[in-house]
Amino acid sequence: MARPTRRSAQRRETIFGVPERFERPRLVLYVATFALVAFGLLMIYSASSITALISETYNYNPAYFLQRQLIFVLVGLGLAALIASQDYHMWSNTLLKVGWVATTVLLGLVMFSSSGTDAYGATRWIQIAGFSLQPSEFAKITIILTAANLCQRYFEEGTLDLRQFVKMAIFALGIPLILILVQPDKGTTLICVASLCVMLYLSGFSGRAIALFVVVGVVGFLAYSMHDEYSRQRILTMFDPWADPYDNGYQLIQGFYASGSGGLFGVGIGAGRQKYSYLPMAYNDFIYAVIGEECGLVGTVGVLVGFALILWAGFRIARYAPDLSGRLIAAGSVSMLIIQLFVNICGVLGVIPLTGKPIPFLSYGGSSIISCLMLVGLIVSVSRSSHLTESVSVRCDERETETMRPTSMRQEMQDEPP
């Protein structure tokens with residue numbers, strides 16, 4: 001009798017009765033998400049306690065923002081568990097039309113909601129039961145599911161030709177994106193379009209065509225941003241915040257002070273000074289600066305490591321998904337989280353204009369934390385539905401032993417079970 005090879009023994013390895021290649025990335029995803037959410041709750045309390053303590057609006061309750069964020073986290077976990085418990089095909093096929101219509105209606109209602117208007121004329125929220133809901137955050141989920149559905153039908157099933165694919169993409173993706181852009185919410189639009197580019201590339205679209213689209217899109221985006229005074233000023237502030245240090249450049253400069261004063265290990269959680277009404281929105285848009293001040297370089301790098309683990313787990317799950325739709329849902333969801341992370345960090349560091357987008361899992365905000373946890377639920381749903389045949393498992397083992405070329409991930413994610 002032939003002795004079992006090391007590779008065949010590896011294929012039989014299980015965790016909790018589930019093949020290791022499926023369960024390990026799922027466990028990494030769970031642990032990294034839980035750690036970031038827990039750390040986010042801690043930093044929200046640290047960054048917001050002084051603001052809440054001295055304000056009658058918040059009932060002089062230092063834990064005001066922490067308590068609300070905890071409620072949002074519990075709601076998000078419940079929705080994530082519901083999404084993860086069902087086959088992702090139900091969300092990307094059966095219920096997609098219902099979700100798309102609901103998303104479009106909510107985005108349309110925002111345009112007529114005076115309660116969602118901020119000081120700069122943007123309308124992004126609607127009031128429901130005393131809570132502010134930002135539909136654009138949930139539209140990101142619908143956009144991912146819609147794009148995955150269309151790519152599945154065009155690339156894998158062949159039920160759409162190129163003309164039909166383009167027409168349906170312009171309609172089904174263009175309408176929600178335009179409704180988000182005109183709020184205006186350029187940050188969310190940027191994140192969605194960048195995630196769609198990742199999904200299209202992994203589907204098999206030409207890299208050159210996508211690069212051309214990106215160049216044209218960036219030029220158009222800048223032209224549109226320069227159209228209104230507020231966006232134009234944010235772009236100019238990025239280049240020289242000290243030109244107006246007490247108005248337009250104030251928040252960015254205070255963020256620099258916070259990020260730069262932490263050193264290697266920070267001044268200690270709760271001991272930061274910028275949150276004492278120096279740094280606006282310290283618990284939301286600029287929580288990364290507070291982390292830099294109170295936890296230092298170690299804390300900021302630790303956050304990046306946590307998201308790197310989520311990125312690895314998400315693409316690992318995408319690699320073993322049973323079809324193109326699942327691969328794109330997992331890859332698109334994790335890409336959206338990572339892209340939003342870097343949009344926020346680059347804005348706080350002055351690399352790109354500020355967009356007002358929060359850091360996933362860390363920043364205060366009900367719609368943001370709920371939608372981010374729902375994206376995690378989608379990734380888990382794909383993982384739970386992943387089943388590989390023995391022959392595909394052998395090919396995967398062989399690929400893992402080879403040196404990967406820059407385009408190998410794209411090719412691997414296009415491989416299908418026979």
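View 1. Val305 is partly exposed, its relative accessible area being 44% (buried is under 20%, exposed over 50%, and partly exposed lies in between, with a 1.4 Å probe and protein chains only). This valine sits in helix α12, residues 287–319 (helices are DSSP runs of H or I with at least four residues, numbered from the N terminus). Together with Leu264, Phe265, Leu297, Val298, Val301 and Leu309, Val305 forms a nonpolar patch on the surface, with about 630 Å² of accessible area in total. Patch members have over 30% relative accessible area and no salt bridge, and nonpolar side chains are joined within 5 Å; the areas come from the Shrake-Rupley method with a 1.4 Å probe. Please keep in mind that this is a predicted model, in which local features need pLDDT of at least 70 and side-chain atom pairs count only at pLDDT 80 or more, while totals for chains, interfaces and linings use all residues. Residues are numbered from 1 along each chain as its sequence is written, and side-chain values use heavy atoms, leaving out hydrogens and water.

View 2. Arg26 and Glu23 are both buried. By this rule the structure has 6 salt bridges.

View 3. Glu137 pairs with Lys140, their closest N and O atoms lying 2.9 Å apart. These two are about one helical turn apart because 3 residues separate them in helix α6, residues 135–157. Glu137 and Lys140 are both buried. Glu156 is partly exposed at 24% relative accessible area, whereas Arg327 is buried at 1%. Shared partners also join Glu137, Lys140, Asp185 and Lys357 into one salt-bridge network.

**View 4. Aromatic pairs across the chain.** The whole structure holds 15 aromatic pairs (ring centres of Phe, Tyr or Trp, using its six-membered ring, within 6.5 Å; planes under 30 degrees apart are stacked, over 60 edge-to-face, and the rest tilted). Phe65 is in helix α3 (residues 64–85) and Tyr364 in the loop between α13 and α14 (366–384), so the pair ties together parts 299 residues apart in sequence. Phe65 is buried at 3% relative accessible area, and Tyr364 is buried at 12%. Phe155 and Phe205 are also edge-to-face, at 5.4 Å and 80°. Phe155 lies in α6 and Phe205 in the loop between α8 (186–203) and α9, so this pair connects parts 50 residues apart in sequence. Phe155 is partly exposed at 31%, as is Phe205 at 23%.

**View 5. The start and span of helix α9.** A side-chain oxygen of Ser206 reaches to within 3.2 Å of the backbone nitrogen of Arg208 at the start of α9. The helix has 19 residues (207–225), which at 1.5 Å a residue should span 27 Å, and its end C-alpha atoms agree with this at 26 Å apart (the expected span is 1.5 Å times one less than the number of residues).

Methods:
A polar contact is a pair of N or O atoms within 3.5 Å; within protein, one must be able to donate a hydrogen and the other to accept it, and residues adjacent in sequence count only if both atoms are side-chain atoms. A salt bridge is a side-chain nitrogen of Lys or Arg within 4 Å of a carboxyl oxygen of Asp or Glu. Patches are made of residues with over 30% relative accessible area and no salt bridge: like charges are joined within 9 Å, nonpolar side chains (Val, Leu, Ile, Met, Phe, Trp, Tyr) within 5 Å.
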